[in-house]
Amino acid sequence: MAPLDESEIVDMLDLKVTSVARTIVDLARSLPLAWAVAAGDEAVRKGLTTIDEIRDAACRLARYKGAGNARLIADLIRPASESVGESVSRHLMCEAGLPAPILQYEVELNGHRYRADFYFPRHDGSPGVWCEFDGQSKYHLQEKDGVSAEERRRRQDEREAALVAAGYTVIRWTWKDLFHPDSFLIRIGRALRAPVRRKLGHRPTF
């Protein structure tokens, strides 16, 4: 077991626990990296720790098991990712060798402002590849915030039609796809004319 620095022990509800930064690093050392990335994105986004603190915690464990992933985690964190599914999706893209997407990209069309979870620009300046992770079974939910599931679906279809009409390639996926990611990764790769480093049928262990 790797030793704890005094600064890595904090009080919470009258209990001694590891600091958020050290916990993120320990997750990177012991779990599939995708989950540690998701935890790190969330923690930094919520202001619970910083990338520098995570990097410092990783440096203190350079001689211990899992040090390779510990060194990687600070560079992989992107607090702009807004959910676990987005974080895991982004990590899968990275593993597949796809270029880094722009996160939370916004565009205005026909007086409406739309935002993509991931956006890949094209080198020729034409509309790029617009990607979204659908984290909820949107069409099976009850009314939310005064808007019915049917109305949410209509708005999404309307938005996608507007994006396609403007020349964007739109690719969407769900939680189920994260366990068999070849399909959406290959679709992104084809749209970008970029190779994808992943064996068909591979199921990630996250």
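Colleague: Leaving aside its neighbours within four places in sequence, which residues is Arg78 in contact with?
Modeller: In this predicted model, Arg78 touches Asp41, Arg90 and Leu103, once neighbours within four places in sequence are set aside.

Colleague: Which backbone oxygen does the side chain of Arg78 reach?
Modeller: That of Asp75, at 2.7 Å.

Colleague: You mentioned Asp41 and Arg90. How far apart are the closest N and O atoms of Arg90 and Asp41?
Modeller: They are 2.8 Å apart, and the two residues form a salt bridge. This pair links distant parts of the chain, since Arg90 belongs to helix α5 and Asp41 to helix α2 (residues 33-45), 49 residues apart. Both residues are buried.

Colleague: Staying with helix α5, which strands does the helix lie across?
Modeller: Helix α5 (residues 84-95) lies across β3, β4, β5 (129-134) and β6, and runs at about 45° to β4. Helix α8 (residues 182-192) also packs on the sheet, where α8 touches β4, β5 and β6. The direction of α8 makes about 170° with that of β6.

Colleague: In what order do the strands of that sheet come?
Modeller: The order is β3-β4-β5-β6, in an open sheet with mixed pairing. The edge strands are β3 (102-109) and β6 (169-174).

Colleague: How many bridges join β3 to β4?
Modeller: Seven, and the two strands run antiparallel. Within this pairing, Glu106 has Arg115 in β4 as its bridge partner.

Colleague: Which side chain of opposite charge is nearest to Glu86?
Modeller: Arg115, at 6.9 Å. Glu86, in helix α5, is buried and has no salt bridge. That distance exceeds the 4 Å cut-off, so the pair does not count as a salt bridge. Among the contacts of Glu86 are Gln104, Asp117 and Phe133.

Colleague: How many salt bridges does a search of the whole structure find?
Modeller: The search finds 19. One of them joins the side chains of Arg22 and Glu8, at 2.8 Å from N to O. Arg22 lies in helix α1 (residues 20-30) and Glu8 in the segment before β1 (9-12), so this pair ties together parts 14 residues apart in sequence. Arg22 is buried, at 2% relative accessibility, and Glu8 is buried at 2% as well.

Notes:
Residues numbered from 1 in each chain as written. Predicted model: local features only at pLDDT ≥ 70, side-chain atom pairs only at ≥ 80, totals over all residues. Heavy atoms only, no water. Pairing = 2+ DSSP bridges. Helix = DSSP H or I, 4+ residues; strand = E, 2+ residues; numbered from the N terminus. Contact = heavy atoms within 4.5 Å. Axes fitted to C-alpha atoms, helices over the stretch in contact; angles between N-to-C directions. Polar contact = N/O pair within 3.5 Å; in protein donor to acceptor, adjacent residues only side chain to side chain. Buried < 20%, exposed > 50% of the residue type's maximum accessible area, 1.4 Å probe, protein only. Lys, Arg positive; Asp, Glu negative; His and termini not counted.
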